[in-house]
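This report describes the fold, the helix packing and the core of the model shown below.

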Amino acid sequence: MRQVLIFRLGSEWFGLEISRIQEISEMPQLDFIPRAPVWLMGAMNFHGNVMPVLDLGRYLDIETLMTVNKVVIMPPGKEGIALGVTEVFRIVYYDANACLPCRQETKNKFIKNLYDYEGLVVNMLDISTLIEELNTSQI
Amino acid sequence: MRVEISYKFTMGFILVVASVVGFNLLVPLLGLEAYWWHQVFSVGSALLVGLILGSLFSRVFTNNIRVLREAAERISSGDLSRSVRLRDTVFPDETYDLALSLNKVNNNLRELVGAVRVSSGQVADSAQGLSATAQEMTASSHELSNTVEQISRGAESQAETVETTSRLIKEMEVSTELVVAAAGKVLEAVDLTVSTAQQGGETARRTMEGMKQILLDVEQSGEQVVSFGGQLQKISKIVDVINSVAQKTNLLALNATIEAARAGEYGRGFAVVAEEIRKLADSTADSAGEITQLIGNVQGDGLSVEKSLRASIEEMDKGKKAIDLTSTAFSEIIDTAVNAQSKAFSITELSNKQLEGAHYLVGAIDDISQVVSDNAAATEEGSAATEQQSASMEEMAHSAQDLARYAESLIDKVKLFQLENSESSD
């Protein structure tokens with residue numbers, strides 16, 4: 001059974017499968033990346049690996065000035081990126097029946113679907129598309 | 001040689017008888033025949049002799065008598081200038097005596113008239129002087145009378161004034177008694193004020209002490225509240241630490257769950273433990289949040305308590321100042337009241353003295369009134385006496401005038417007598 005980490009970006013709730021997550025940590029000291037786009041916060045040292053930290057809220061155009069307290073770190077190598085989020089909530093079991101039916105217009109290429117967790121509307125993040133997009137963009 | 005008239009008559013009679021006898025003797029010598037012729041002749045001769053003698057004698061006598069009568073008439077008409085002079089004769093008789101007597105009378109009268117004239121002149125002068133003096137005295141006594149009347153009127157008005165003064169002084173006495181009573185009441189009131197003000201000052205002092213004690217307590221409470229706030233902050237820091245520990249625990253639990261999921265079937269138990277730890281961390285965070293909430297509430301309460309304490313302290317400072325002012329005011333009141341007390345006391349004393357003085361004054365005024373009324377009576381008597389005197393003086397003046405008139409009429413009367421002096425002067 002799949003487990004999903006529910007986290008918050010500003011006032012929006014997002015979900016991410018924990019199988020894609022290496023670790024969750026407090027926001028560390030970041031290194032400055034020259035000529036980086038505004039959604040790239042900087043680089044962090046994760047157990048000897050330098051990983052770029054993405055300002056997810058800014059990248060998804062949710063909110064421009066949100067606080068970033070935690071980072072969700074992907075496994076180094078393949079994804080090799082950390083997501084800056086406002087707050088992590090908890091890890092829940094994912095029930096596919098609880099997905100909300102929705103029209104195509106409400107969907108985004110980074111959002112797979114909307115999941116209802118105990119009344120919270122959680123945007124399930126399509127992390128593969130996100131990584132692909134990042135990789136295709138010129139950093 | 002003095003011969004009395006009777007002797008002269010006797011001698012004449014003898015001569016006539018002698019001539020009768022003689023002629024009787026001589027006739028026969030003449031040669032007449034007839035007897036009766038003899039008789040006629042002798043009687044005729046004797047008659048002739050008697051006629052001659054008688055006419056001579058009676059002429060002398062009548063002349064003398066006429067001279068005497070004229071002299072007497074002259075005297076009676078007042079002419080005393082001349083003395084009687086009869087023709088010198090060999091045989092003076094009683095007519096000469098009479099002439100002498102008349103001369104004596106004349107002389108005596110002349111002296112008398114002279115003396116009377118002089119005296120009456122003097123009397124007239126004196127009477128006139130007396131009259132003038134009496135008139136002057138009358139005038140003076142009129143003036144005196146007027147003056148005495150003025151004095152009398154003055155004495156009456158003085159008596160009235162004294163009566164008014166007496167009434168006023170009695171009223172003043174009554175007023176002074178009222179003042180004394182009022183001053184006594186003022187003294188009582190001031191005594192009461194002093195005691196009340198002293199009580200008030202004492203109360204203010206006690207209130208001040210109580211206030212200071214309360215202020216100390218409140219300041220202590222304030223300090224306690226402040227220190228309580230500090231301890232709350234410490235608790236808050238501890239809770240912050242607990243909170244961050246809970247968050248870290250939560251994060252660790254989340255990572256443990258991720259690790260357990262990665263471990264697959266083997267990590268299932270670990271995932272349960274991680275979930276339990278996460279729940280613990282959650283409840284710890286909730287409790288910490290509640291504690292923070294409580295601390296916030298308590299801090300808010302403490303702040304409001306502190307604020308109200310500060311306000312209380314300010315109010316108390318104000319109250320302290322007010323009480324200080326009150327205390328000062330009370331001491332000033334006491335000072336003023338003590339001042340007023342001494343003044344009221346001196347007012348009482350002074351008014352008592354004034355009252356005594358007023359009593360004396362009333363007595364003195366009564367005496368003065370008595371004296372003034374006596375004076376008025378005496379003045380009236382004096383006025384009456386003066387008027388009487390004036391009347392007497394007028395009478396006297398009248399009498400003097402009468403006297404002068406009498407003297408003048410006497411002089412007029414006496415002027416009828418012509419004296420030698422006046423004749424010689426004529």
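## Helix packing in chain B

The model discussed here is predicted. In chain B, α2(B) and α3(B) pack at an angle of about 15°, and their axes are 10 Å apart. These two helices are therefore roughly parallel to each other. Their crossing is left-handed. On the α2(B) side the meeting residues are Asn64(B), Ile65(B), Leu68(B), Ala71(B), Ala72(B) and Ile75(B). They meet Thr95(B), Leu98(B), Ala99(B), Leu102(B), Val105(B), Asn106(B) and Leu109(B) of α3(B).

The pair formed by helix α1 (residues 5-30) and helix α2 (residues 35-76) of chain B has axes that come within 8 Å and cross at roughly 155°. α1(B) and α2(B) are therefore roughly antiparallel to each other. The crossing in which α1(B) passes α2(B) is right-handed. Residues of α1(B) in this contact include Lys8(B), Gly12(B), Leu15(B), Val16(B) and Phe23(B). From α2(B), the residues taking part include His38(B), Phe41(B), Ala46(B), Val49(B), Leu53(B) and Phe57(B).

## Chain B as a whole

How many helices and strands does chain B have? The count is 5 helices and 0 strands, and the pattern along the sequence is α-α-α-α-α. Chain B has 426 residues, of which 16% count as buried. Among its contacts with a separation of 6 or more, 85% join residues 24 or more positions apart.

One residue pair, Gln128(B) and Asp402(B), is 274 residues apart in sequence, with a C-alpha to C-alpha distance of 9.5 Å. Gln128(B) is placed in helix α3 of chain B. Gln128(B) counts as partly exposed because it has 17 C-beta neighbours inside 10 Å.

## Chain A

Chain A contains 2 helices and 11 strands. Starting at the N terminus, its elements follow the order β-β-β-β-β-α-β-β-β-β-β-β-α. Of its 139 residues, 31% count as buried. For contacts with a separation of 6 or more in chain A, 53% are between residues 24 or more positions apart.

## The largest nonpolar core

In soluble globular proteins, nonpolar side chains tend to be buried together. The largest nonpolar core of this model has 44 residues. Which of them touch the most other members? They are Leu5(A), Ile21(A), Val72(A), Ala82(A) and Val85(A). Helix α3 (residues 94-263) of chain B gives the most to this core, contributing 8 residues.

Leaving aside residues up to four places away in sequence, Leu5(A) touches Leu16(A), Ile18(A), Ile21(A), Val72(A), Val88(A) and Ile91(A).

## Confidence

The model scores ipTM 0.88 and pTM 0.48. Chain B has a mean pLDDT of 83, with 98% of its residues at 70 or more.

Where in chain B does pLDDT stay under 50? This applies to residues 422-426 of chain B, for which the model has 2 contacts beyond four places in sequence. Where pLDDT is low, the predicted coordinates should not be read in detail.

Conventions
Residues numbered from 1 in each chain as written. Chains lettered and ligands numbered in written order. Predicted model: local features only at pLDDT ≥ 70, side-chain atom pairs only at ≥ 80, totals over all residues. Helix = DSSP H or I, 4+ residues; strand = E, 2+ residues; numbered from the N terminus. Buried ≥ 20, exposed ≤ 12 C-beta atoms within 10 Å, placed from the backbone. Contact = placed C-beta atoms within 7 Å. Core = buried A, V, L, I, M, F, W, Y, C linked by C-beta atoms within 7 Å. pLDDT = per-residue confidence, 0-100. Axes fitted to C-alpha atoms, helices over the stretch in contact; angles between N-to-C directions. Parallel < 35°, antiparallel > 145°, perpendicular 65-115°, else oblique. Left-handed = near helix turned anticlockwise from the far one by under 90°.
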